[in-house]
Amino acid sequence: MTALIAVLPAGSAASKSIKPAGFARIIAKSCQIRTGDVSERFFSRDLKLTEKNIRIRNVQKGWKGWVRVHAICQVEGGVAWGFVDINLRSGKAVCDARNWEVRVKGARPLQ
């Protein structure tokens with residue numbers, strides 16, 4: 001699994017004050033979740049997180065402008081839940097696939 005980093009423009013409205021709907025938009029754009037691991041290429045597949053299916057569960061305040069946003073999302077055939085770290089000052093979002101759990105029928109869980 002690899003970490004994926006998305007960067008928003010530093011002066012954008014999203015980087016100054018983000019509302020829950022904004023967090024869902026950032027998660028949908030910056031997170032790519034994959035079931036299985038590299039050795040299970042036949043069984044692995046990418047899951048698309050859509051903004052309308054993402055529900056924000058909790059926002060934890062962090063250190064130096066970072067927040068940790070916990071979310072749950074319905075995906076094709078199941079559910080994915082986890083968190084993404086977002087820097088409110090710079091607009092950077094860090095979404096590591098290892099921070100997400102996936103339960104999808106017919107797919108093996110992340111290892």
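View 1. Welcome to the first stop: here Val67 stands opposite Ile86, a residue of strand 6. Two strands are said to pair if DSSP finds at least two bridges between them. This is a predicted model, in which local features need pLDDT of at least 70 and side-chain atom pairs count only at pLDDT 80 or more, while totals for chains, interfaces and linings use all residues. Residues are numbered from 1 along each chain as its sequence is written, and side-chain values use heavy atoms, leaving out hydrogens and water.

**View 2. The whole chain.** Step back and you can count two helices and eight strands in the protein chain. Helices (H or I, at least four residues) and strands (E, at least two) are DSSP runs, numbered from the N terminus. Read from the N terminus, the order of the elements is β-α-α-β-β-β-β-β-β-β. Of the 111 residues, 37% are buried; buried means under 20% relative accessible area, exposed over 50%, and partly exposed in between (1.4 Å probe, protein chains only). The chain exposes about 7100 Å², and carbon and sulfur atoms supply 53% of that area. Among contacts (heavy atoms within 4.5 Å) between residues at least 6 apart in sequence, 50% join residues at least 24 apart.

View 3. Follow strand 5 through residues 66–75 and you will find a covered face and an uncovered one. Val67, Val69, Ala71, Cys73 and Val75 make up the covered face. Trp66, Arg68, His70, Ile72 and Gln74 make up the uncovered face.

**View 4. Strand 5 and its neighbours.** Strand 4 (residues 54–61) runs antiparallel to strand 5, and seven bridges join the two. They form a hairpin with four residues between them, and Lys64 in the turn has a positive phi of about 55°. Strand 6 (residues 78–87) also pairs with strand 5, again antiparallel, through ten bridges. This second hairpin has two residues between its strands, and Gly77 in its turn has a positive phi of about 85°.

View 5. Arg68 and Asp85 form a salt bridge here, with their closest N and O atoms 2.8 Å apart. Arg68 belongs to strand 5 and Asp85 to strand 6, so the pair ties together parts that are 17 residues apart in sequence. A salt bridge is a side-chain nitrogen of Lys or Arg within 4 Å of a carboxyl oxygen of Asp or Glu. By this rule the count is three. Asp85 is buried, at 17% relative accessible area, whereas Arg68 is partly exposed, at 32%.

View 6. Arg25 is partly exposed, with 38% relative accessibility. Glu51 is partly exposed too, with 35%.

View 7. Arg98 counts as exposed, at 58% relative accessibility. Their side chains meet in a salt bridge of 2.6 Å, N to O.

Terms used:
Areas by Shrake-Rupley, 256 points an atom, 1.4 Å probe, with all protein chains shown as cover.
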